Amino acid sequence: MTWVKTIMNKRLAFCMALCVASFMASAQLSADDPDWKEVEVPAPPAFDLKTLVPIEMPVQSELKWGVDPATLKIGRDGVVRYVVVAQSPSGVVNAMYEGIRCSKGEFRRYARHNSDSGWVKSSSTEWIPLRQASGSRHPEILARGGMCDVAAPPTTVKEALQRLNAGRTARQ
């Protein structure tokens, strides 16, 4: 009987620790810095389809997704900016220049690229919660896959890329 109590106590302690960690993470995401300002966003960078780091998307997605590692930058404002590419089975390529604000759990699309029109500035300038990204879950998957370290950006681009690659390898 005592071993049952021991197991139950360990499970209870583990559940409590998860709850506390979850609360602390959500508290960090909701903390707002009233002095925060986004830096002037650089123009969308060129991207290379040959160097993409693949992103594991849900099974129902027929598109192949990837991030060009040369476009990944961590701004002084804490925003992780990158170009993400979606390729259809027929070869159609769409790219998005985006930023993730890890401290708030938000993302923003700066521009879209397609082979017909090149880069087109996004009409929306709003930051969108990662979990409310319409059309695709890739910003949330990128944030969890290495672009964010809980509620902070990684300290270096190299660290973010190592995490993205490690996560992809672990899921294969």
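The protein chain has three helices and eight strands. Both kinds of element are DSSP runs, numbered from the N terminus: helices are H or I with at least four residues, strands are E with at least two. Read from the N terminus, the order is α-β-β-β-β-β-β-β-β-α-α.

This is a predicted model, in which local features need pLDDT of at least 70 and side-chain atom pairs count only at pLDDT 80 or more, while totals for chains, interfaces and linings use all residues. Residues are numbered from 1 along each chain as its sequence is written, and side-chain values use heavy atoms, with hydrogens and water left out.

A disulfide here is a pair of cysteine sulfur atoms within 2.5 Å. That rule gives one disulfide. Cys-102 and Cys-148 form the bond, with S to S at 2.0 Å. The link is left-handed, with -80° about the S-S bond. Cys-102 sits in the loop between strand 5 (93–101) and strand 6 (106–114), and Cys-148 in the loop between helix 2 (138–147) and helix 3 (157–171), so the pair ties together parts that are 46 residues apart in sequence. Both Cys-102 and Cys-148 are buried, meaning under 20% relative accessible area (1.4 Å probe, protein chains only); exposed is over 50%, and partly exposed lies in between.

Now the whole chain. Of its 172 residues, 35% count as buried.

Finally, contacts, defined as heavy atoms within 4.5 Å. Among contacts in the protein chain with a separation of 6 or more, 47% come from residues 24 or more positions apart.
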